[in-house]
Amino acid sequence: MNSELYAGQLRHRRSKPKAYSFTYGVYYVDLDLDEIDEVARRIKPFSHNRFNILSFMDRDHMGATGPGVRAAVRQRLAARGIDPDAVRVSLLTNTRILGYVFNPVSFYLVRDRADDALRLVMAEVHNTHGEEHVYDLERAGDGAVYTSRAEKALYVSPFIDMDARYVFECREEAGGAYDLRIDEYKGEELFFQAQLLVSPRPLTNANVARMLARYPFMTLKTIGLIHWQGLKLWLRGVKFHSHKAHEEAGR
């Protein structure tokens, strides 16, 4: 299968208005969208659109309804002039664990079937208000590192306002590892960096069991740490930007 497990570290660094950083161990699944049902057949703790220890629910992604996330992605690619049959798409994400999931950001990696070259990256961002936005991160330039730029379009953190833009980088390392970076700028000033450093492992029942033992309740950990780190920023006196205020400013 093309589908794999990925494990590594998530790092956040903030330079403004106060320096702050943290690093956590994480794991993800990289699901080839053509293989989801095959993964469900092979991996006993994993199911597609039904409850299990790990479950991938189409409704958790792309606002998918009806035929599901694979069809939604194919439709999105076709609308951008990309032949869905000429590419394969994998989704680097977290599944539900015992029915619960929160994914701050998931990555759709679109590759040419002919040479496996990275054609397009889409970043699907969710916030804690149940909202989502998908950024089509088209490559800027022809450098070795996949780089893209995007204006901020979704309220994410109450400690970062909406007047910002992103620079995204995807570095493909030896052995299939990824170095995924999202830098956030205000004007020309870099003030926030998120970095995901992960390496692949075969998607097997044994490796899934190891990840569950090493990182139990990964998705609950994610939402818990978001609030814990938010509390620490608030106690440091970092300005709080309410979601309601952003909604009213956009009217």
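Predicted model: local features only at pLDDT ≥ 70, side-chain atom pairs only at ≥ 80, totals over all residues.

Q: What does strand 5 do with strand 7, and how many bridges join them?

A: Strand 5 (residues 87–93) runs antiparallel to strand 7, with 6 bridges joining the two. In that pairing, Ser90 stands opposite Leu109 of strand 7.

Q: How many bridges join strand 7 to strand 8?

A: There are 7 bridges, and again the strands run antiparallel. Arg111 has Leu118 in strand 8 as its bridge partner. The two strands form a hairpin with 5 residues between them, and Asp116 in the turn has a positive phi of about 65°.

Q: Zooming out, what's the strand order in the sheet?

A: It's an open sheet of 10 strands in the order 9-8-7-5-2-1-13-12-11-10, with antiparallel pairing. Strand 9 (132–137) and strand 10 (146–151) each have a single partner strand, so one side of each has no neighbour in the sheet. On average, neighbouring strands are turned by 20° against each other, direction ignored.

Q: How many bridges pair strand 1 with strand 13?

A: Strand 1 (residues 4–14) pairs with strand 13 (residues 189–202) over 11 bridges, in the antiparallel sense. One example is Tyr6, whose bridge partner in strand 13 is Pro200.

Q: Which strands does helix 3 lie across?

A: Helix 3 (residues 205–214) lies across strand 1, strand 2 (20–32) and strand 13, and runs at about 30° to strand 1. Helix 4 (residues 218–235) also packs on the sheet, where it touches strand 1 and strand 2. The direction of helix 4 makes about 155° with that of strand 2.

Q: Switching topic: which residues have the most contacts inside the largest nonpolar core?

A: Those are Tyr27, Val73, Leu77, Phe107 and Met122, in a core of 55 residues. Strand 8 (residues 118–126) gives the most to this core, with 6 residues.

Q: What is Met122 in contact with, leaving aside its neighbours within four places in sequence?

A: Quite a list, including Val73, Leu77 and Phe107. Met62, Tyr108, Val110 and Tyr135 are also among them.

Q: How many cavities of 30 Å³ or more are there?

A: The count comes to 3. About 80 Å³ of space lies in the largest cavity.

Q: What lines the largest cavity?

A: Its lining includes Leu33, Asp34, Val73, Leu77, Pro84 and Arg113. Helix 2 (69–79) and strand 5 each supply at least two lining residues, and helix 2 gives the most, with 4.

Q: Last one, Tyr178: buried or exposed?

A: Tyr178 is buried, because its relative accessible area is 6%. Tyr178 sits in strand 12 (residues 178–186). Leaving aside neighbours within four places in sequence, its contacts include Tyr6, Leu109, Arg111 and Leu197.

Q: And how far apart are the C-alpha atoms of Tyr178 and Arg96?

A: They are separated by 22 Å, and the two residues are 82 residues apart along the chain.

Notes. Residues numbered from 1 in each chain as written. Heavy atoms only, no water. Core = buried A, V, L, I, M, F, W, Y, C linked by side-chain atoms within 4.5 Å. Buried < 20%, exposed > 50% of the residue type's maximum accessible area, 1.4 Å probe, protein only. Contact = heavy atoms within 4.5 Å. Pairing = 2+ DSSP bridges. Axes fitted to C-alpha atoms, helices over the stretch in contact; angles between N-to-C directions. 1 Å grid on protein atoms, 1.4 Å probe; cavity = no way out; pocket = protein on both sides within 12 Å on 5 of 7 lines; lining within 4 Å. Points joined across faces, edges and corners; volume = space filled by probe spheres on them.
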